[in-house]
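Trainee: Please take me slowly through one part of this chain. I'd like to see how its residues sit in their surroundings.

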Amino acid sequence: MDKLDYIEADDYYDMGCQWRMEREWEKAISCFKHVIELNKFFIYAYIDLASVYARQGNYHDAVTVLKKAVKLDPGFHLLHYNIAKYYYRHGEMPAALKSIEAAINLNDMELYERVRGLILKKLHS
């Protein structure tokens, strides 16, 4: 990957963020996908692409995108947290619990502990 690809990826990422703010979902998706094609290690492009899918109610694709990012950066707790969040929203509590526990194992944030409590409450209700 040459320097121009990094610059182009950064520019497309900015455009994707702008399209997302304007609720132009398909344009945002296109931009974030292009970023990933240019630089597969641009982890925040995966996170933002997943957030657009989730905004559309497409939690399956959101989780799929984030799982690809986890393969590239398994130690990034925010990826596991977001996977847990989208599983939770889709009603998949056992998978949400597994993902939030992975996030907690990487970074024991109070937020993650609270989310774990919500998931457990939902599982036992």
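Mentor: Let's begin with burial: a residue is buried under 20% relative accessible area, exposed over 50% and partly exposed in between, using a 1.4 Å probe and protein chains only. By that scale Arg23, at 54%, is exposed. What you see is a predicted model, so local features need pLDDT of at least 70 and side-chain atom pairs pLDDT 80 or more, while totals for chains, interfaces and linings use all residues. Residues are numbered from 1 along each chain as its sequence is written, and side-chain values use heavy atoms, leaving out hydrogens and water.

Now find Arg23 in the loop between α1 (3-21) and α2 (25-38); helices here are DSSP runs of H or I with at least four residues, numbered from the N terminus. Arg23 isn't a glycine, yet its phi is positive, about 60°. Most residues other than glycine have a negative phi.

A pocket, on a 1 Å grid over the protein atoms alone, is an open set of points where a 1.4 Å probe fits, with protein on both sides within 12 Å along at least five of seven lines, and lining residues have an atom within 4 Å of a point. Here the lining is Lys33, Ile36, Tyr46, Leu49, Tyr53, Asp61, Thr64, Val65 and Lys68.

Asp61 leads us to a neighbour: its side chain joins that of Asn58 in a polar contact of 2.8 Å. Such a contact is a pair of N or O atoms within 3.5 Å, where one must be able to donate a hydrogen and the other to accept it. Asn58 sits in the loop between α3 and α4 and is partly exposed, because its relative accessibility is 25%. Its C-alpha is 8.9 Å from that of His90, although the two are 32 residues apart along the chain.

Back in α3 you'll find Ser51, which is buried at 18%. Contact means heavy atoms within 4.5 Å, and Ser51 is in contact with Arg20 and Tyr86 once its neighbours within four places in sequence are left aside.

Another buried residue is Asn82, with a relative accessible area of 6%. Look for Asn82 in α5 (residues 77-89). Not counting residues up to four places away in sequence, Asn82 touches Ile47 and Leu66. Its side chain also makes a polar contact of 3.2 Å with the side chain of Lys85.

Last, the cysteines. How many disulfides are there? With a disulfide taken as two cysteine sulfur atoms within 2.5 Å, the count is zero. Cys17 is in no disulfide, and the nearest cysteine sulfur, in Cys31, is 9.3 Å away.

Key:
Helix = DSSP H or I, 4+ residues; strand = E, 2+ residues; numbered from the N terminus.
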